[in-house]
Amino acid sequence: MSIIHPWIILFDIDGTLLTVDRNFNRPLLRSIIDDLGIDYPGMEKDPFSGRTDHDIISSFLVNHDYDEDLYQTFKEVYLERIQKEINENHVLRHEHIDEAIDFFDRPGFVTGLLTGNYPDAAIIKLKTANIHHEFAFGAFGEFHKDRNMLPQLALTSIKDMLTVEPDPQRFIIIGDTPRDVICAKSAGMKCVSVTTGKFSRSDLETHGPDLIIENLKDPADWFEKLTGEKVQA
Ligand SMILES: [Mg+2]
């Protein structure tokens, strides 16, 4: 018999809660690529949306046989430098995110992160954007290149944390890219798409999320639309 557990609300970071200025991020990566003598001329044109940090950084090493030591060095340098160099002018904090984070901070809900970021990068970006909510757990893109592996991490965390058999249908992934939708569907989780990232409503619609919203405003309304459950705002 399965027990009904709280709703698990999983926030993506980039494009959903905040956006890091491309004019900060790309030159930072370029300078690490060059400092480490990596042959990867095309980075500036690569799409990063919805990809894990592990996948993005590994992909720079295509001309170096994906050397594992070089990957580890890159990761270390990246985390050191982002910590040192990022400031609030580099980060756009999306509107209405507090409303949603505060709304789900109540009994019957657990809030977590499901993001392609390395855990340290996630913390640095959130702090810089002045987001200090304590998410109960995170499924991060540290050890998996494939975003579709992240829901499994979330299921395991909840199983350990709540000691229940997790029901994917009570997990809601909130993200801005087709990859968020695909990864939610691959795990049987619900997906809310926001158009605060690079993708339009019609881009996202193609992938069939359960709901598409412009931003995280009025969470009681969109939560009810999604689940049929009324929760006092
Ligand atoms: Mg995103």
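User: Before we start, when do two residues count as in contact here?
Analyst: Two residues are in contact if their C-beta atoms, placed from the backbone, lie within 7 Å. Please note that this is a predicted model.

User: Which residues does isoleucine 8 touch, then, beyond those up to four places away in sequence?
Analyst: Isoleucine 8 touches Val110, Gly112, Ala154, Ile158, Arg170, Phe171 and Ile172. Another core lies apart from it, with 5 residues, including Leu29, Ile32, Ile57 and Phe60.

User: And which members of the largest nonpolar core touch the most other members?
Analyst: They are Ile8, Leu10, Ala154, Ile172, Ile173 and Ile174, in a core of 44 residues.

User: Switching to domains: where are they?
Analyst: Domain 1 covers 7–19 + 92–227, and domain 2 covers 21–88. Their C-alpha centres are 24 Å apart. At the contact, 20 residues of domain 1 meet 15 residues of domain 2.

User: Which helix gives the largest share of the domain 1 side?
Analyst: That is α5, with 4 residues. By class, the side of domain 1 that touches domain 2 holds 5 nonpolar, 8 polar and 7 charged residues.

User: Now phenylalanine 24: why does it count as partly exposed?
Analyst: Phenylalanine 24 has 16 C-beta neighbours inside 10 Å, and therefore counts as partly exposed. This residue sits in helix α1, residues 22–35.

User: What is phenylalanine 24 in contact with, leaving aside neighbours within four places in sequence?
Analyst: Its contacts are Ile86 and His90.

Key
Residues numbered from 1 in each chain as written. Predicted model: local features only at pLDDT ≥ 70, side-chain atom pairs only at ≥ 80, totals over all residues. Core = buried A, V, L, I, M, F, W, Y, C linked by C-beta atoms within 7 Å. Buried ≥ 20, exposed ≤ 12 C-beta atoms within 10 Å, placed from the backbone. Domains from an automatic or database assignment. Helix = DSSP H or I, 4+ residues; strand = E, 2+ residues; numbered from the N terminus. Nonpolar A, V, L, I, M, F, W, Y, C, P; charged D, E, K, R; others polar.
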